[in-house]
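Hi,

Here is the structure I promised to pass on to you. Have a look at it first, and then read my notes below.

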Amino acid sequence: MNQVKSLSYKADELAIVWEDTSESRLQAIWLRDHCQMPSSRNPDNGQRLLNITDIPQDLAIETVTLEDRRLIVRFAPDGHRSEFDLDWLYDNCYCLNRQSDDRSEVSKILWSGTSFEQGLPRYSYTNFCEQPKSRLAALQVVSDYGFVLLDGVPRKPGQLLKVIEQFGYVRETNYGPFFEVRTRVDPSNLAYTNLGLGCHLDNPYRDPVPGLQLLHCLESSTEGGESILQDGFMAAKILREEDSDHFGLLSQNWVSFRFRDSNADLQARGPLIEVNDLDEVIKLRFNNRSIDTLRLPPAVMRRFYPAYRHFAEILEREQQQIVFKLQPGELILFDNTRILHARKAYSAGGTRHLQGAYSDLDGLYSSLRKLNEGS
Ligand code: OGA
Ligand code: ZN
């Protein structure tokens, strides 16, 4: 509980020096906009009831008084009175609290190929469904590392949708609520062959891109077909360290992605590396099968290719990858904006059958916050 050491104000600003010597300088308009009174906020859901245009143009702080741990601010010209809890002010003050982005690279634990020598993060499906503590731990692992493995998932078609129901919603697409990954005659997608697939993120041709992907192994009796995962945020960090111009080219230039078959023609644009307003990596798009015709201005094109190749070379470095063979009953759940996946080619003999599905990250983060509140 931080105490106030001194308090001063003028028409457009309130200044608080806290006991720990930190300082809050809060503008009048911010205070009025963040008024917590029932006339400004719905007390039940906390939603704001006023518009920015409802605040008088000539707003000014008239008086400020401290009563117990509440700061009473009276505003001119309308005489509006706001009360602020001191702890709320300390925790929400924009001078003391940097904006944080729980999707960005700085909120994550970046990893490379040797990070999981003690074993992959793995939880039992039964515990995941039945024990909120286990679900919380597994979802936290997805938030931190970008992926988790569940075992003991019943080998029934569509069972992966039950996993999604535990924390969010199925993102249905033109492939259906879930899709079959096995060798097909006349495949519409190379995923449905026994060819190897290089490191990629799924569906950059959608807007928004599905934030989460699940792959559930129902059968695996082929030679080969190992799964490969790697941390794309780590790869982007390496690229930025090795050549910041290359990083800038991939984050500043948007490219197109496209998928076409007899029923769909999906197209979307975006950068291979997306950064937020703080210049932190938040989202990747990388898929050599579905990147569309590149139409960058000629001078950019000349510089773009070396950068694109450099990033692809980092993604091919084996020391960045983990390789494992999914066993029947195992499922991987991963962040499709961060974790690239690949698979090795497999033999024609035997059967390999996975089912895949998508979901969105906001459902996962929401469940994680709610589980944390309850724990
Ligand atoms: C996919 C895919 C990987 C695999 O279907 O998106 O990449 O292991 N499959 O078959
Ligand atoms: Zn894929």
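A polar contact here is a pair of N or O atoms within 3.5 Å; within protein, one must be able to donate a hydrogen and the other to accept it, and residues adjacent in sequence count only if both atoms are side-chain atoms. The model is predicted, so local features need pLDDT of at least 70 and side-chain atom pairs pLDDT 80 or more, while totals for chains, interfaces and linings use all residues. Residues are numbered from 1 along each chain as its sequence is written, chains are lettered from A and ligands numbered from 1 in the order in which they are written, and side-chain values use heavy atoms, with hydrogens and water left out.

Let me start with the ligand. A polar side-chain atom of H341 is 3.0 Å from an oxygen atom of ligand 1. For D202, a polar side-chain atom comes to 2.8 Å from a ligand oxygen, and for R352 an N or O atom of the side chain lies 2.7 Å from an oxygen of ligand 1. On its own, ligand 1 exposes 290 Å², of which the protein buries 97% (Shrake-Rupley areas, 1.4 Å probe).

The shell around ligand 1 (residues with a heavy atom within 4 Å of it) also includes V181, A191, L197, H200, Q213, R343 and L354. By type, the shell holds four nonpolar, three polar and three charged residues. At least two shell residues come from each of β10 (197-200), β19 (339-343) and β20 (352-359); strands are DSSP runs of E, at least two residues long, numbered from the N terminus.

On the overall layout, the domain assignment, which is automatic or from a database, gives domain 1 (4-92) and domain 2 (105-374). Their C-alpha centres are 44 Å apart.

A few backbone details may interest you too. The A76 to P77 peptide bond is cis, with omega near 5°, and P77 sits in the loop between β5 (70-76) and β6 (81-85). Another cis bond runs from D207 to P208, with omega near 0°; P208 belongs to the loop between β10 and β11 (212-220). T21, in the loop between β2 (13-18) and β3 (23-27), is a non-glycine residue with a positive phi, near 75°.

Best wishes

Definitions and conventions: Helices (H or I, at least four residues) and strands (E, at least two) are DSSP runs, numbered from the N terminus. Ala, Val, Leu, Ile, Met, Phe, Trp, Tyr, Cys and Pro count as nonpolar, Asp, Glu, Lys and Arg as charged, and the others, Gly among them, as polar.
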